[in-house]
Amino acid sequence: MQINDNPYPQYHRNNGLVKMGFKSSPIFPKEKDKKHFVKRPREAAMAMLDRINIAYVRARFNDTQIVSGLQVMPFKPDLVREGERTVNMLGIFMFSMLITLGLPSNLYLLVHEKESRLLETMKINGLRKRNYWIVHYLCFYLQFLVSILVFYLFGRYVSKLAYFTDTDPWIFIFWYIGWGLAQTSFSFFLAVFLNRSQNASMIGYAVSIVLGMLSATALCTNYPYEYHPDVIDTMLWYLHYIPTFPTNRVNFYLSSYCGFRTCIADYDRLHPDVKLAIVSSYYNAVIFLVLAVYLNEVVPQ
């Protein structure tokens, strides 16, 4: 026997023990006869343990009978908090998509300059290719830092989501710095194989949005049980070399904890696999930048 402690409410029956329903009309009069549900797996586990004890006593002592019950303490539903948890769960997809939207613009600009022969014109006028790469890399990275700073400050001080307010800021610092470097290097890598700005724009959005959604969905499918911090599988090693997977791995872990338990308030609480995903962004930045520099000299432009 076991109690269903799955963190997804849809996996529970409305049996009044593991999952209890209540009408929201006293709180929201407009929602007449509409029900909300609260999961209570701990109370259900206590009830099961009680029944096991009663069965054991009856099996050992025929003349002994125990009458017991479970007193469920009254609770006040916090729909605002539950709504915030829902937003944190939606962040598995939305937050990942928002922090990757710099890739299409970077890729479009690089390919557009190559398509319009602007780069060749600058080289004729004495521009060194090394300076061109340094200036564009720093420009793209500074744009990312400004946008991600606005994104984080808005979430922390304006919307005040627990995802931003209760999570250790150092996690975001290490994660965002690494992802910004990986995204910029990956932009230069993809630009090597593209010669039309229109194709670059479509591929950029496909990588940032479509591949981002696919990676988030794959993570939700393969690593759904984040409720227990010690029960977690490690991400397949080759997925660490696809830039969107490590960053979505980190975001999925943080969003799941904020949605189902409590946010990660200390960097040391991160699972080793999530720490590895953060580090993956840094060595992906180096790997894709080196490949971009090498292939730019080898692949016909």
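## The largest cavity

In this predicted model, the largest cavity is lined by Leu103, Trp179, Gln183, Phe186, Val207, Pro243 and Thr244. Its space comes to about 30 Å³. The structure holds one cavity of 30 Å³ or more.

The lining divides into five nonpolar residues and two polar ones. No charged residue takes part in the lining. Helix α7 gives the largest share, three residues.

## Thr244, a lining residue

Thr244 is one of the residues that line the largest cavity. Thr244 lies in helix α9, which covers residues 244–260. Is Thr244 buried or exposed? Its relative accessibility is 5%, so Thr244 counts as buried; the cut-off for buried is under 20%.

Which residues does Thr244 touch, not counting those up to four places away in sequence? They are Trp179, Val207, Leu211 and Ser215.

Helix α9 has 17 residues, and 17 of the 17 are buried. The helix is therefore largely enclosed by the rest of the structure. Its length also fits expectation. At 1.5 Å a residue, α9 should span 24 Å, and its end C-alpha atoms are 24 Å apart, which agrees.

Ser255 is found in this helix as well. Its relative accessible area is 0%, so Ser255 is buried. Leaving aside neighbours within four places in sequence, Ser255 is in contact with Asn88, Met89, Gly91, Ile92, Phe95 and Tyr163. Asn88 is 167 residues from Ser255 in sequence. In space, the C-alpha atoms of Ser255 and Asn88 are 5.3 Å apart.

## Ser96 in helix α2

Ser96 is found in helix α2, residues 79–98. Ser96 has a relative accessible area of 4% and is buried. Not counting residues up to four places away in sequence, Ser96 touches Gly91, Asn248 and Asn251. Gly91 is also among the contacts of Ser255.

## Helix α7 and Ala191

Helix α7 covers residues 169–191. Of its 23 residues, 17 are buried, so α7 is largely enclosed by the rest of the structure.

Ala191 belongs to helix α7. With 9% relative accessibility, Ala191 counts as buried. Beyond its neighbours within four places in sequence, Ala191 is in contact with Leu107, Leu110, Val111 and Lys114. Asn106 lies 85 residues from Ala191 along the chain, with 9.1 Å between the C-alpha atoms.

## Leu295 in helix α10

Leu295 is found in helix α10, residues 272–298. The relative accessible area of Leu295 is 17%, and Leu295 is buried. That value falls under the 20% cut-off for buried.

Leu295 and Phe193 are 102 residues apart in sequence. Their C-alpha atoms are 8.9 Å apart in space.

## Lys160, a loop residue

Lys160 sits in the loop between α5 (129–158) and α6 (162–165). Is Lys160 buried or exposed? Its relative accessible area is 56%, so Lys160 is exposed; the cut-off for exposed is over 50%.

The backbone of Lys160 deserves a look. Lys160 is not a glycine, although its phi is positive, about 55°. Most residues other than glycine have a negative phi.

## The whole chain

The protein chain has 10 helices and two strands. Read along the sequence, the pattern is β-β-α-α-α-α-α-α-α-α-α-α. Of the 301 residues in the chain, 40% are buried.

How much of the contact set with a separation of 6 or more comes from residues 24 or more positions apart? Such residues account for 72% of those contacts. The accessible surface of the chain comes to about 17500 Å². Carbon and sulfur atoms hold 63% of that surface.

Terms used. Residues numbered from 1 in each chain as written. Predicted model: local features only at pLDDT ≥ 70, side-chain atom pairs only at ≥ 80, totals over all residues. Heavy atoms only, no water. Helix = DSSP H or I, 4+ residues; strand = E, 2+ residues; numbered from the N terminus. Buried < 20%, exposed > 50% of the residue type's maximum accessible area, 1.4 Å probe, protein only. Contact = heavy atoms within 4.5 Å. 1 Å grid on protein atoms, 1.4 Å probe; cavity = no way out; pocket = protein on both sides within 12 Å on 5 of 7 lines; lining within 4 Å. Points joined across faces, edges and corners; volume = space filled by probe spheres on them. Nonpolar A, V, L, I, M, F, W, Y, C, P; charged D, E, K, R; others polar. Areas by Shrake-Rupley, 256 points an atom, 1.4 Å probe, with all protein chains shown as cover. Expected span 1.5 Å × (residues − 1).
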